[in-house]
Amino acid sequence: MADPTVSSIDGKLAEEFSIPTHVEEVKQKMAAFATQHASAGRRVVLITSGGTKVPLESRTVRFLDNFSSGRRGSTSAEYFIDSGYAVIFLHRHRSLYPYTRMFSTINMLDALQLKGGEEVVVDQQVLPDIAKVLKKYSEVKESGLLLPVEFNTLSEYLHMLKVAAQALSTIGSKAMFYLAAAVSDFYIPASDMPEHKIQSSDGPLQLSMKMVPKILSPLVKEWAPQAFVVSFKLETDASILLEKARRALDTYRHQAVVANLLETRQTSVLVVTLNTQAELLLTEDEVKKQVEIEEKIVSNLTAAHHVFITQQAG
Ligand code: PAZ
């Protein structure tokens, strides 16, 4: 019998969040990608990355955004590829992207020089590592190990995640979900949204927003029940972080929560499972050497995924 919570979330998704026109096409692409790589003996990870946008008007001028640069997701994608995974990178349009992320703070025109009036060369002082990164990027492109998929709004994110889960369900426990995107908890249903730009001449703005359906529930219970699922928890108050991570595991019964605080997220995280908790930290020396915490997170989770697959098979 269908779980009533799951059916109600499915109903809400269909009624209150507009379905992107290309969602079926993307689903086919993701399913083909997953099958191809799983048949070649690879594990496949779906990474979500970046923040969702929640429109306040149908013809959107204003929206609420969730904080996330996409650094966690894009950096992790590189380490997953290095660990032999094929990666579906479901990311917010224009957030950080694997490999190019390393040059995100550079103005492209500052990195180029004109020689003889026509020829363009790269300034090695501005982009010292460009050859190394370009080589790696080209190899990954050639190998077909990275499938990028974009979202902008909360609606796009929710529908894309749903079809991704359905597409990856065919490869069972070989699939991992690494849900690092920062997703809004609140939204305005299409039926309650003003069509036109909200006018400041109408006075102070009062917003009433609904709770976003908890998509982790159908993902774990119905869409991809055999997959290894990792959610992320971001807090600003250290005293509630662990408890919130434990509560999420208790509610959704998935495999792990990566818990982090806004200020220290690049040097410290907690990986929490039903029976364990591991603190992953960068030492001062590692920070100096530009070690990235994502290397440790990915190493921890790929090992746990390996154990999970073995247990499911046994
Ligand atoms: O994208 P970023 O590197 O700037 O930040 C990563 C993060 C803090 C968004 C991520 O680690 C995370 O915790 N995501 C879940 C956020 C949430 O609780 O909604």
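**Around the ligand**

A: Let's begin with the shell of residues around the ligand: strand S11 gives the largest share of it, 3 residues. Please keep in mind that this is a predicted model. S11 spans 228–235, and along with helix H3, which covers 71–82, it is listed as supplying at least two residues of the shell.

How many residues are there around the ligand? There are 15, and the ones that come nearest are Ser 68, Ser 69, Gly 70, Arg 72 and Asn 260.

Now for some individual contacts. Asn 260 places a polar side-chain atom 2.7 Å from an oxygen atom of the ligand. Gly 70 takes part through its backbone, with an N or O atom lying 2.9 Å from a ligand oxygen. For Arg 72, a polar backbone atom is 2.9 Å from an oxygen atom of the ligand. Taken on its own, the ligand has 470 Å² of accessible area, and the protein covers 91% of that. The space that the ligand takes up is the largest pocket.

Finally, a word from the record. UniProt, in an unreviewed entry, lists residues 43–98 and 165–296 under "domain: DNA/pantothenate metabolism flavoprotein C-terminal". In the model, residues 43–98 are 21% helix and 34% strand, with end C-alpha atoms 19 Å apart. Residues 165–296 are 27% helix and 25% strand, and there the end C-alpha atoms lie 25 Å apart.

Terms used:
Residues are numbered from 1 along each chain as its sequence is written. This is a predicted model: local features need pLDDT of at least 70, side-chain atom pairs count only at pLDDT 80 or more; totals for chains, interfaces and linings use all residues. Side-chain values use heavy atoms; hydrogens and water are left out. A residue is near a molecule or strand if one of its heavy atoms lies within 4 Å of it. A polar contact is a pair of N or O atoms within 3.5 Å; within protein, one must be able to donate a hydrogen and the other to accept it, and residues adjacent in sequence count only if both atoms are side-chain atoms. Accessible areas come from the Shrake-Rupley method with a 1.4 Å probe; for residues, only the protein chains shown count as cover. On a 1 Å grid over the protein atoms alone, a cavity is a set of points where a 1.4 Å probe fits but cannot get out, and a pocket is an open set with protein on both sides within 12 Å along at least five of seven lines; lining residues have an atom within 4 Å of a point. A molecule sits in a cavity or pocket if more than half of its atoms lie within 2 Å of its grid points. Helices (H or I, at least four residues) and strands (E, at least two) are DSSP runs, numbered from the N terminus. UniProt positions are given in the numbering used here, feature names are shortened, and annotations may be inferred rather than shown by experiment.
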